[in-house]
Amino acid sequence: MNPLYIILALIGYVGLLFLIAFYADQRATRGASLVRNPLIYALSLAVYCTVWTFYGSVGRAAEAGVGFLPIYLGPALFAPLWWIVLRKIILISKNQRITSVVDFLSSRYGKSTWLGVLGTVVVVVGIIPYISIQLKAIAFSFQHLTHSGRVPGPVVEDLPFFLDPGLYVAVALALFSILFGTRNLDPNERHEGLVAAIAFESIFKLVAFLTVGIFVTFGLYKGFGDLFQQAWKLEEIHSLLDLKQVGITSMDWFWLMLLSLFAVLLLPRQFHLAVVENTSTDHIGRAAWIFPLYLFLINIFVLPIAFAGKMLIPPALAEPDMFMVDLPLMNGQGYLGLLAVLGGFSAGTGMVIVSTIGLSIMISNNVVVPLLLRTSTVREGWVDDLSKRLLGIRRLSIAIVLLVAYAYFKWIGRQYTLVSVGLISFAAVAQFAPAIFIGLYWKRATRIGAMVGLSLGFLIWFYTLLLPTLAEVHFMGVHIVENGPWGISWLRPDALFGLKGMNNITHAAFWSLLLNTGGVVLVSLYTSQRTLEISQADLFVEIYKYQTGVSDYDVIRRRASLQDVTLLLNRFLGEPRAGSLLQSYSRRYGKDLSKEKMADPDLINFAETHLAGAIGAASAKLIMRSIAKEDPISLEEMFRILEQTQEIIRYSRELEHKSAELVQTTHQLRQANERLKELDRLKADFITTVTHELRTPITSIKALSKILQENPGLPPEQRDEFLGILVSESERISRLINQVLDLEKTAVDRAEWKVEPVELNKLIQHSASGFRQYLEEKQIQLRLELPDAPVWVSGSEDPLTQVFVNLISNALKFCDAGKGIIRVGLEPGEDRVVAYVADNGIGIDPKDQQTIFGQFVQVSNNELGKPTGSGLGLYISKRIIERYGGRIWVESEPGRGATFFVALSPATPG
Amino acid sequence: MGQKKPAKILLVDDEPNILVPIEFLMLQQGYEVRKAFSGQEALDTLSEFKPDVVVLDVMMPGMDGFEVARKIRKLSALRNTRILFLTAKGAEEDRMKGYSTGGEVYMTKPFDNDQLVQVISEVLEFG
Amino acid sequence: MNNRSSRTQNDRKGRLISLFLIGLLFFNFPMLGIFGKEDKWGSIPGLFIYIAVVWIGLVLAVYWVMRDISGRPDKTPPP
């Protein structure tokens, strides 16, 4: 075929891709998205089918019958589990603004920089051969087409590079990736144009494959039956259907399925489209059956085409990987051959584009930026707008990745088949599976465990799979592969520890995944986690719990000046985007940022997650650390955490024991823990008290009312007695409920509390007057020592009345009937007004004088018998007084009464 | 049940309003009833009253119900006395503590009238 | 209401996991080993038919389990 037509067709195809991507981007900015639906989502996942599928499956089928299938059965089998596993990964990734599979790994294990670097190395080393093989296949298919498959031309790898179509393909793909993959920084905004183009490519390659398949099966033969009928006549083809004869063992089959099952989620391009570009987890619902259906359709004609090729193409000319192109060409169907080449082209380009974009994100977010940030000169010398610089890094890494891939294909990749190189890459990314899948369900998996596991797996992979390919191109001696290093045969890369009888992929997968998983689990059991690791682990494993909350809590509270935070956002995201982010933050949380000087921890977390979208979790953490101070944990904060998760407390207690690693914080932590234990105990006491307090009246109410119901003929005196008890016990319940509600009221800070001048002497008089009757009954004296002139303080009437009622009734509780004297008075002053409530009761032990103002605290005293209140009065009073900027305290000598003081700021009557 | 003499029940609780309905129910069954409002008071009554069943609250000021039960178990004269804990403490560990200090039955408040009567009559009948 | 939806969620998970396990069984040896090169339906290889039927069966079963999660194109832009 005339090369000009081919070039025109290719340019036309690429042009169409650009148009589609451009149109979809336009639609996205207009808010009428093209790609937000489950069908497009499922189709984009079909980027899984590369040239390996398009050409390689037929090639493999021609040699090993159904041996090409495990690679598709694995993903089809995994699809039902997506709703469980993939959905969890997506929810976590949206919550944490995760940008790649490596970022996910790093983020799960405490946003570890080094894990991110290690992961990126694994992916880059593992994927570049895979990309290069796509370039090779595309170039090879062009060449095949131009020579009409008849006369073998020069091998593509031997062409000078400027004549090599592979180079131009690489350049065009780099351009496309840069244009549609690096337009903006936050991948959370997604690349709708890219997704649309990929989905289109998936349709195109399927149509191309099916068209060739139908042509071969129904055009060259009279359908499946006829084709197979003819094929049986050749013993060579017939024996391809015997799994034993083609050398497929059950082990090989199983391990290939397992590897591909992992690959369909963990390959950078799959993770990118399935997780990062996902717009709704509900889309998984349909993708879970559309995607396996797609795989089924694209595989249905593989065997027929392979068999037809073997029957129709003379063995001397047969290039099984190119049957797809050759079968139409040799039967005079030039345009069908062109369609096949375009189909293969679409399969290859989709893979290359998404993979390079994915790799560039990892390289910039998990390697370049963290390393730049670690060198202080860069940190200090930030230039105006780092966001442009970051995009530059991404564009550069796309170009470099494609260049390296091209070089690999030129020098190393020549004698490898599509399938074998693809499987080597599958085995590489499968090394992420243990750390990621275990980390999704087991909180104890530690960063060090993940590092050890991944390193072991990667080393074994490198040694058993990559090293032999290097040896074969004479990078090193072949004897190492054949006899083992230093002649030690049990170290032979293809029969490690003497394990033989598997193909090299199964062998490598078995050893690498075994040691990898073992490393993750065993090392985790013997190492401990840092604070950030614990909270990240909790978030990942319990993501469904965190879904409902507005913001996640952090054990570490951080503070930074608002200016610094704004500056950072401006630099990394660009000013317009930073501005709109801050605006949306202040809208969502109802905070007016223009009035604030310090950024609160919520804002810092918010900024960090958005930065993470641009530069990766580990880098974002580093940058934030440069401006934010970490607060020690406050008591109240700990209490909140105590309520939210018992889990973290358990961990922090464990941490307390493992003090070696935490020398600096141990002391603080222990103190916090002491306070926590105290709070824990107090809370338990409080709950017991309240339940007891509630159950007692309920018990007698229940029993008595039943008696009244069942014994209508009770004597009237007895009935009245019972009814009297019912009334007083009901009152007891409502009193208790009121107290608990009061606690609720003060616990929630009420913004509507006004601050206004209050006449304190009148208020005290009023508060005391309610006790008159009770005082008479108990024969307790109450003396008011108030000045005649009005004393004004700032506060508001109802809450302050509550305080004095609480204090007076408290004093009454501790006074003996008959001898009690309570003095309530007031001392006006220049800068503060002090009121006091003094009694001559039993007094308060010095050790209790601090704690009595805490929540749920009752001074239990055996002589006094049961505490009579719920233990909330003083706590409520303290909250009220502190709200008005005042102070409350007690002075007491045991046995000689106690005096409570309340200090408030004076006010002028308005 | 008690053909010859009415069975004797001692009710111990610091909340008089809880004892009122129990007393009524017990009297209705024809039992002889005494009340005590603290652990000490219960112990004082015991030796002379020799009840068949003691209905014991746990959370009481001074001596708690478990303590009272332990003391009862030390008195040989009262080896046939059955102890029924009736308490607001429903946790498993409290229950275990109740059995280990010598209680035969552990009931939580609020109780069901018929059930309480039923349980006491069973205790009297079968020990 | 809430209870019910979480129950159907758990039912769904259970069904999906069983589908995975059933698929794992049918797509592996020894089940695959049942079909030798002499097993044919008409002239079409038994192994070819077997895998195709199990595969389509799996697709239909997942469709059935997930049919109420439509994931229809959402009109609202994400927050």
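Which residue forms a salt bridge with A:Lys443? Select A:Asp538 alongside A:Lys443: the closest N and O atoms of this pair are 3.0 Å apart. Over all chains, the structure holds 21 salt bridges. Keep in mind throughout that this is a predicted model.

**A helix crossing in chain A**

Stay in chain A and select residues 250-266, helix α12, plus residues 432-441, helix α21. Their axes come within 11 Å and cross at roughly 70 degrees. Angles of 65 to 115 degrees count as roughly perpendicular, and α12(A) and α21(A) are therefore roughly perpendicular to each other. Now show side chains. From α12(A), pick A:Phe262, A:Leu265 and A:Leu266. They meet A:Phe432, A:Ala433, A:Ile436 and A:Phe437 in α21(A). By class, this contact has 7 nonpolar residues, no polar and no charged ones.

**The largest cavity**

Rolling a probe the size of a water molecule over the atoms shows where empty space is left. Here, a search of the whole structure finds 12 cavities of 30 Å³ or more. Go to the largest cavity, with a volume of about 140 Å³.

Which residues line the largest cavity? From chain A, select A:Val66, A:Phe68, A:Leu69, A:Phe296, A:Asn299, A:Ile300 and A:Leu303. Color two helices next: α14 (283-299) of chain A and α2 (46-66) of chain C. Each supplies at least two residues of this lining. The largest share, 5 residues, comes from α2(C). By class, the lining has 11 nonpolar residues, 1 polar residue and no charged ones.

**The second largest cavity**

Move to the second largest cavity, at about 80 Å³. It has 11 lining residues, and the closest to its centre are A:Val35, A:Tyr41, A:Val195, A:Glu277 and A:Thr279. Select those, then display α2 (38-45) and α9 (192-220) of chain A. Each of these helices supplies at least two lining residues. The lining of this cavity has 4 nonpolar, 4 polar and 3 charged residues.

**Backbone stops**

Switch to the backbone. Most residues other than glycine have a negative phi, and most peptide bonds are trans.

- Select B:Lys109 and B:Pro110. A cis peptide bond joins them, with omega at about -5 degrees. B:Pro110 lies in the loop between β5 (105-108) and α5 (113-126) of chain B.
- Select C:Phe29 and C:Pro30. They too are joined by a cis peptide bond, and omega is about 5 degrees. The loop holding C:Pro30 runs between α1 (2-26) and β1 (40-41) of chain C.
- Select A:Arg97. Is its phi positive or negative? A:Arg97 has a positive phi of about 55 degrees, although it is not a glycine. Look for A:Arg97 in the loop between α5 (85-96) and α6 (101-108) of chain A.

Definitions and conventions:
Residues are numbered from 1 along each chain as its sequence is written. Chains are lettered from A and ligands numbered from 1 in the order in which they are written. Side-chain values use heavy atoms; hydrogens and water are left out. On a 1 Å grid over the protein atoms alone, a cavity is a set of points where a 1.4 Å probe fits but cannot get out, and a pocket is an open set with protein on both sides within 12 Å along at least five of seven lines; lining residues have an atom within 4 Å of a point. Grid points are joined across faces, edges and corners, and a volume is the space filled by probe spheres set on the points. Helices (H or I, at least four residues) and strands (E, at least two) are DSSP runs, numbered from the N terminus. Ala, Val, Leu, Ile, Met, Phe, Trp, Tyr, Cys and Pro count as nonpolar, Asp, Glu, Lys and Arg as charged, and the others, Gly among them, as polar. Axes are lines fitted to C-alpha atoms, for helices over the stretch in contact, and angles run from 0 to 180 degrees between N-to-C directions. Angles under 35 degrees count as roughly parallel, over 145 as roughly antiparallel, 65 to 115 as roughly perpendicular and the rest as oblique. Contact means heavy atoms within 4.5 Å. A salt bridge is a side-chain nitrogen of Lys or Arg within 4 Å of a carboxyl oxygen of Asp or Glu.
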